[in-house]
Each structure stands twice: as C-alpha cells, then as structure tokens.
Amino acid sequence: MAAQPSDKATRYDRQLRLWGDHGQALLEAAHVCLINASATGTEILKNLVLPGIGAFTIVDDKKVSIGDLGNNFFFDKSCVGKSRAASATALLQELNSEVKGCSVEKNVMLIAREEPSFFKAFATVVATEMTEAALLELAKLLWQQSVPLLVARAYGFLGYLRLTCAEHCIIESHPDNAHHDLRIDVPFAGLTEYVDSIDLEALDSTAHSHVPFVVLLMKWARIWRESHSGALPKNYTEKKQFKELLRQGIRINEEGNPMEEENFDEAVKSVNIALVPTSIPSNVIALFNDSHCTNLSPSSLHFWFLVRALKEFVAAEGNGVLPVRGSIPDMTASSKMFIDLQKVYQHQASLDAEALKHHLDCLHVKPECDVTLGDVKHFCKNAAFLRVIRCKSLEDEHNAETINVSEISANLTDPNSLMVYYVLLRAADRFCAIHGFYPGSQLGPLDGDVTQMKEIVSGLIKELKLVDVSVGNEYITEMCRYGGAEYHSVSAFLGGVGAQEVIKLITYQYVPFNNTYLYSAATSLSATFEL
C-alpha cells in the first residue's frame, strides 16, 4: 500500500510545489518581527502565518482604538483599550496552531536604543506606521546588523514597499523561460557514447518513432557538421535547412508517405532553442569577478565559496562551461530510452558536482562551516541562475548626493509613471515631521495643507536638483484628501505582495524586488524602482 502524505504535506501541498521541502524547512525555522500591528502589518503576517512561518513577534506599545476596528480585521470590539500587539498575536495564532507568536508592548525606538541586539534574532523585520526619523534610525541599525528590513505602508489609495538588504544571495532564482541544458553543441563523453550506442537503422518502426529527440539532434548535428566545417546552424536560413535535413530522417511507409513520428516533430520544433550555443550567463560572469568571490575569508557566505569553486571548475574540467544541470525535458520516447538518457545526464551532473566539491575542498581559505556534497549538487543544478541583490540603504536614499536622481527624473517626466507618488509620500512625511500630523488628517478645509504641501514638494524637488520636472496640483490635492488613511483593501493587497517578498528572503528562492515598490489602487498599476 502506498504511503499516505503527512498532514503537513497535505496542508502545504501547493506551496511545496513552489519552494520545495527545503524551502519550507527554512520558512518553519524563521522568526519574523513586525513593528506595529497596523492593518498592513497584520495582513503581511497573516500571509506568513498561513504558509507556516516558524514564529513571529509583534512590537507595538499602542492600545487598540475605535479607529483600528475600521480597517484591521484582526481586532474586534473586545480588543478596544487592550494591547494591539497582544490582541493581534492572539488572533493571528488562531490561523495556524503550529506557528509561535509573541508580543512586546514597548516602543520600538526604546528597544533599538536600549537593546539593539534584540533584532539580531529575526530573519526579517517588517516596519509599518513609523515616522521618517524613527524609520531612518531603525533602518541604520538593522543595516549594520545585516538584518533585512521591509518597510510597508498603505496611504489612501497608495501602496509602498521598500526593501533594505545589504546583500542577498540567491541560488534558486527560478527564471521564467530557462532553456534546458542539453549540450548538443558541446556534448560530454557520456552523452556521445550513449548516442553512438543507438543504431537507428537497426530499430523497428515503433522503436524508431520513440528515440528521444535529443539523440536525433545529436546524430543529425554530426551530419550537418561534416559539411559545414564543424559548425552548427547559426542563423535562420541555416536552421531552416537543418530542419529539412532532420525531416529526411522520417521513415516512409509502404504507400510512399512519411510515417507519423512525433519524436522527429519534437526535434524539429526544438532546433531553435536546443542549438543555442552553451555559454555562461553574464550574471554568473559578474559573480566570478565580484570582490566577494576573489577575496574570500573564513566568514564569507557559503555562497561565495561555491561561486569561487565554480569559477575554478569552469577554468578546468568545465572547459569554459558550467556543470551539467542533470535534468531533461519530457519527450516522446520509450520508457527505457528516456530513463537511460536521463541517467546519462544525471551521471555527468554527479561527476561535475564531485569535481566542484574537490575544488572547494582545495581552496586555501576554508569556510567556518562545512559544505556538503548535497549542497554542492544543489548549487550546480542552479549554477546558471545565480543572483545577488544589493539594495541601497535608506540612509543613502535620503541623501540627495547618493539617491538615484536619474531614476526619479526620468520617471517624473512620464505622465503614466507612479514615481510622482514617491515624491508625494516623501513630502507627506516632511509635513508630518513639521506639524505632527499628515496633510488632510485634521478636521477643516484642505486649502492650508495643500498650500504647505506644494511648498514642501517644491523644496524636495529643488533639494534633489531635479530639472524641468514638477508635480501637478491635482496630485497634491488628492494626497491631502487621503489624510494618511490606511484603507483595508490596499493593506490586504500589500499584505500579499509584502509576504511574498519576505518569503523570498527567507527561502533564498526567487528574486526580491530592488528596492522600491509602488502601487496605485486607483489605477490598478504597480511598478518597481531602484532608488
């Protein structure tokens, strides 16, 4: 009788298909901190609790108010007057009994100043409802401690996320349209031997129509090379000729018509992709030349030791190419031939991984913790998709000399860009720092707040030395109408996006945005900017 899946495997079935058992293990071992139990913050936590984050801590010294009931589904009437942190923690834990929750009823800035090491225990910190000055102080501390920070904010119909992370190394980036690693142009010895072992002429019609298309491409590529000075088809005309050459391999039936052989059809369809020259992606070459790769120390991340070993493998056994990935696509083939071909690629992948492990063991500098052969195989399988994200610190972003002014300027001149809302959010923070409240949040006419916001926006544009750009009065007026309100619909949307980014950081899978995300609920548009 087949083994039944565990309760955990059944509960988390869909997400396990996205990030696997190893990703789930990292998620379940992670501890996330939320600063302030706002509507946006609790929505992010909800989307982390449901997939099984290990633990969370909410830091919030405020009490639940009547206003909180209007936009935060994790409070009810019985919570009014009680701790926001404790109330939200209790209700969030009801979503998943396996998740541990903790609440700290203390001002986050007191903790940052009196217990700065408090934050080192967290995989990621999510900050909401913080003033600009407090946020900059906290962000600087977390940057120094190498703790990733996600700033989340819902402001009227606007959504804002900002990721600060000095360096985030990704092995499994999961690119959308990755080509299969078939090595038709540079076949390894095992693949050549396997292809040579198959005599097409000796096969009956059934077996002939179930030869893997990889074998067909290899055999006809050899024929093509003989008449083209050893070169494979390069341009459209040559590939078209090669396809015609392939079709000539289809057997003819007794009536003189071509037989239906799906494997040949697959071979023809795959020509354009399968014959793309095997090369090292530019993002991997950049990692080879990165100072973190060339200047290793015992405290360097395992990632950089593996990149260094990969670089040496490419220069030696790899002959200028990366390790074989070891997987093949589905194809029309007999079960035996498919499994045999699969074993050929898997065997070469194992040999390459062992060779890379040898280079790793021979490095003069040793990592503080051992890297297993399993780690190396996992790395080799994803070697073509390695990525490193380096975000700019909030401190540098708020410095007129180091912020990416060209990005702001180029987008402000585009009437369809969301960059105008970034400027307005910065201006609203300055307004709040001066007056102690956000524009439009007090009873009475908006005219005074609109006038002052115009002055602040103009001053910010001047400070950033932006030339020939302006912010329309209609945008400023709308910003004041928002009054700093946090609408639940916007918070819920940001909750999904924000949690997704946190999971990327924790699992080291998929690529987080770098570094600013803006969303307009009014137009249903979103965009990322590198500021």
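In this predicted model, Leu-216, Leu-217, Trp-220, Ala-221, Ile-223 and Trp-224 of helix α10 meet Glu-238, Gln-241, Phe-242, Leu-245 and Leu-246 of helix α11, contact meaning heavy atoms within 4.5 Å. Local features need pLDDT of at least 70 and side-chain atom pairs count only at pLDDT 80 or more, whereas totals for chains, interfaces and linings use all residues. Residues are numbered from 1 along each chain as its sequence is written, and side-chain values use heavy atoms, with hydrogens and water left out.

Helices α10 (residues 213–226) and α11 (residues 236–247) pack at an angle of about 115 degrees, and their axes lie 10 Å apart. Axes are lines fitted to C-alpha atoms, for helices over the stretch in contact, with angles from 0 to 180 degrees between N-to-C directions. The two helices, α10 and α11, are therefore roughly perpendicular (65 to 115 degrees).

An open sheet of mixed pairing contains 8 strands in the order β3-β2-β1-β4-β5-β6-β9-β10; two strands pair if DSSP finds at least two bridges between them. Strands β3 (100–104) and β10 (525–529) stand at the edges with a single partner strand each, so one side of each has no neighbour in the sheet. From one strand to the next, the twist averages 15 degrees. Strands β1 (residues 31–35) and β4 (residues 124–127) pair in the parallel sense over 4 bridges, and Leu-34 stands opposite Val-126 in β4.

Glu-43 belongs to helix α3 (residues 39–49); helices are DSSP runs of H or I with at least four residues, and strands are runs of E with at least two, numbered from the N terminus. At 3% relative accessibility, Glu-43 is buried (under 20% relative accessible area, 1.4 Å probe, protein chains only).

Terms used:
Buried < 20%, exposed > 50% of the residue type's maximum accessible area, 1.4 Å probe, protein only. Parallel < 35°, antiparallel > 145°, perpendicular 65-115°, else oblique.
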